[in-house]
Amino acid sequence: MVQWTRVEKRTFLRQRVEARLAVLLMENKEFSEVLTLLSNLIKEVRRLDDKLLLVDIDLLESKLHFSLRNLPKAKNALTAARTAANAIYVPPA
């Protein structure tokens with residue numbers, strides 16, 4: 001599916017699919033693959049400025065580092081998620 005999105009040049013869809021793939025890989029405890037996938041994905045999403053996806057990815061990264069017992073990086077990822085979440089505009093009801 002990821003390869004198809006690259007061929008069709010559907011960047012935003014590919015990013016969502018890769019985020020979902022990272023969740024599935026994390027459930028299978030394939031942490032090294034998730035780490036490489038997320039590091040590339042975070043750089044790309046920050047460049048495109050997709051705040052909602054960035055919050056999801058940062059939360060996933062925090063869970064990953066917590067699973068790896070790397071608490072400082074987990075805390076940094078939570079801080080990044082909070083920063084991205086504060087930048088999201090929510091219109092008044």
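**Reading helix packing and burial**

Student: Which hand does the crossing of α2 and α4 have, left-handed or right-handed?

Tutor: In this model, which is predicted, the crossing of α2 and α4 is left-handed.

Student: At what angle do α2 and α4 pack, and how far apart are their axes?

Tutor: The angle between α2 and α4 is about 20°, and their axes lie 11 Å apart. Because angles under 35 degrees count as roughly parallel, α2 and α4 are described as roughly parallel to each other.

Student: Which residues of α2 and α4 meet?

Tutor: On the α2 side they are Gln 15, Arg 16, Ala 19, Ala 22, Val 23 and Met 26, and these meet Leu 53, Asp 56, Ile 57, Leu 60, Lys 63, Leu 64 and Ser 67 of α4.

Student: How far apart should the ends of α2 be, given its number of residues?

Tutor: One counts 1.5 Å a residue, so the 17 residues of α2 should span 24 Å, and this agrees with the 25 Å between its end C-alpha atoms.

Student: Which residues of α2 are buried, and against which helices do they pack?

Tutor: The buried residues of α2 include Val 17, Ala 19, Ala 22, Leu 25 and Met 26, but also Arg 14, Gln 15 and Glu 18. The buried residues of this helix pack against α1 (2–7), α3 and α4.

Student: Which members of the largest nonpolar core touch the most other members?

Tutor: That core has 17 residues, and those touching the most other members are Ala 22, Val 34, Leu 38, Val 45 and Ile 57. At least two residues of this core come from each of α2 (11–27), α3 (31–48) and α4. As for Val 45, leaving aside residues up to four places away in sequence, its contacts are Gln 15, Asp 50, Leu 53, Leu 54 and Ile 57.

Student: Is His 65 buried or exposed?

Tutor: A residue counts as buried under 20% relative accessible area, so His 65, at 6%, is buried. His 65 belongs to helix α4 (residues 51–67), and beyond residues up to four places away in sequence it touches Leu 35, Asn 70, Lys 73 and Ala 74.

Student: What is the phi of Lys 9, and where is Lys 9 found?

Tutor: Phi of Lys 9 is near 60°, a positive value in a residue other than glycine, and Lys 9 is found in the loop between α1 and α2. With a relative accessibility of 72%, Lys 9 counts as exposed.

Technical notes: Residues are numbered from 1 along each chain as its sequence is written. This is a predicted model: local features need pLDDT of at least 70, side-chain atom pairs count only at pLDDT 80 or more; totals for chains, interfaces and linings use all residues. Side-chain values use heavy atoms; hydrogens and water are left out. Helices (H or I, at least four residues) and strands (E, at least two) are DSSP runs, numbered from the N terminus. Buried means under 20% relative accessible area, exposed over 50%, partly exposed in between (1.4 Å probe, protein chains only). Contact means heavy atoms within 4.5 Å. A nonpolar core is a set of buried Ala, Val, Leu, Ile, Met, Phe, Trp, Tyr and Cys residues joined through side-chain atoms within 4.5 Å. The expected span of a helix is 1.5 Å times one less than its number of residues. Axes are lines fitted to C-alpha atoms, for helices over the stretch in contact, and angles run from 0 to 180 degrees between N-to-C directions. Angles under 35 degrees count as roughly parallel, over 145 as roughly antiparallel, 65 to 115 as roughly perpendicular and the rest as oblique. A crossing is left-handed if the near helix is turned anticlockwise from the far one by less than a right angle, and right-handed if clockwise.
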